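Read the following with the sequence and the model side by side.

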Amino acid sequence: MRRGVLLLALALAGCALGPQQRPSPALYDFGTPAAPNSPKLSGSLAVARVTAPEWLESPTLQYRLAYQDPLRYHGYGESRWVSSPAQLLTERLRQAAQSAGRTVRDTEGVRTDYVLRVELEEFSQVFDSPQASRGVARARATLVREGRVLVAQKNFTAEKPAPGADAAGGARALAAAADQLVAEILAWASQAAAR
């Protein structure tokens with residue numbers, strides 16, 4: 001009898017010490033879009049899918065320690081974007097462009113006056129010290145007229161301070177930087193199309 005009780009106690013203790021379930025990663029997106037304040041576009045505009053280098057095509061929330069090794073990227077293990085930054089930026093651009101005038105969701109099989117192409121080059125939380133970080137978004141925008149005629153091209157950079165030195169603070173700063181990038185790109189595209 002004692003042996004049975006002892007075996008039962010060991011089995012129960014083994015269950016308690018067994019593999020622990022890992023918590024689900026925290027998932028982030030850019031939040032609810034702000035009230036549109038985009039200038040009206042002249043002509044119709046298609047917003048192409050935002051492209052990015054391979055390392056930005058994953059949902060990993062990236063950061064770099066500029067004070068320690070500015071050339072090295074890191075990824076948060078327990079925090080992720082709901083999709084890649086390029087996909088999130090594509091949706092944000094399309095939402096804002098639709099509120100600005102005659103736009104279509106994408107370029108596939110549709111004739112428009114202009115096509116806006118954006119290449120995301122940087123999208124990470126940069127730590128200048130262990131306590132201070134900022135969200136940095138950098139992209140190149142190209143406006144093309146029907147028939148693949150280059151209208152204009154410009155580089156954009158947006159930086160926003162992070163409210164905390166963690167993944168949640170980085171996600172908030174990057175979402176704000178993305179919104180600034182979207183507003184600046186659409187304002188530029190509107191001006192370039194009006195020339």
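F30 has a relative accessibility of 7% and therefore counts as buried; buried means under 20% relative accessible area, exposed over 50%, and partly exposed in between, with a 1.4 Å probe and protein chains only. The model is a predicted one, in which local features need pLDDT of at least 70 and side-chain atom pairs count only at pLDDT 80 or more, while totals for chains, interfaces and linings use all residues. Residues are numbered from 1 along each chain as its sequence is written, and side-chain values use heavy atoms, with hydrogens and water left out.

The model holds seven aromatic pairs. Such a pair requires rings of Phe, Tyr or Trp (its six-membered ring) with centres within 6.5 Å; planes under 30 degrees apart are called stacked, over 60 edge-to-face, and the rest tilted. F30 and W81 make an edge-to-face pair, with 5.5 Å between centres and 85° between planes. This pair links distant parts of the chain, 51 residues apart: F30 sits in the loop between β1 (26-28) and β2 (45-47), and W81 in strand β4 (residues 73-81). Helices (H or I, at least four residues) and strands (E, at least two) are DSSP runs, numbered from the N terminus.

W81 is buried because its relative accessibility is 2%. W81 also pairs with F123, here in a tilted arrangement at 5.8 Å centre to centre and 55° between the planes. F123 has a relative accessible area of 2%, so F123 is buried. Through these ring pairs F30, W81 and F123 form a cluster.

Strand β4 also has pairing partners, where pairing means that DSSP finds at least two bridges between two strands. β1 and β4 run parallel and are joined by three bridges, with L27 opposite R80 in β4. Strand β3 (residues 60-65) runs antiparallel to β4 and is joined to β4 by four bridges; there Y63 stands opposite H74.

What is the size of the largest nonpolar core, and which residues have the most contacts inside it? A nonpolar core is a set of buried Ala, Val, Leu, Ile, Met, Phe, Trp, Tyr and Cys residues joined through side-chain atoms within 4.5 Å. The largest one has 45 residues, and L93, L116, F123 and L143 have the most contacts inside it. Two or more residues come from each of β2, β3, β4, α2 (85-100), β6, β7, β8 (149-161) and α3 (167-194). The most come from α3, with 14 residues. Contact means heavy atoms within 4.5 Å. Setting aside neighbours within four places in sequence, L116 is in contact with residues including L45, V47, L93, L143, I185 and W188.

Two serines remain. S133 is in strand β7 (residues 133-145) and counts as buried because its relative accessibility is 9%. The side chains of S133 and Q125 are joined by a polar contact of 2.9 Å, that is, a pair of N or O atoms within 3.5 Å; within protein, one must be able to donate a hydrogen and the other to accept it, and residues adjacent in sequence count only if both atoms are side-chain atoms.

S42 lies in the loop between β1 and β2 and, at 37% relative accessibility, counts as partly exposed. S42 and A193 are 151 residues apart in sequence, yet their C-alpha atoms are 6.6 Å apart in space. Beyond residues up to four places away in sequence, S42 touches Y114, A193 and A194.
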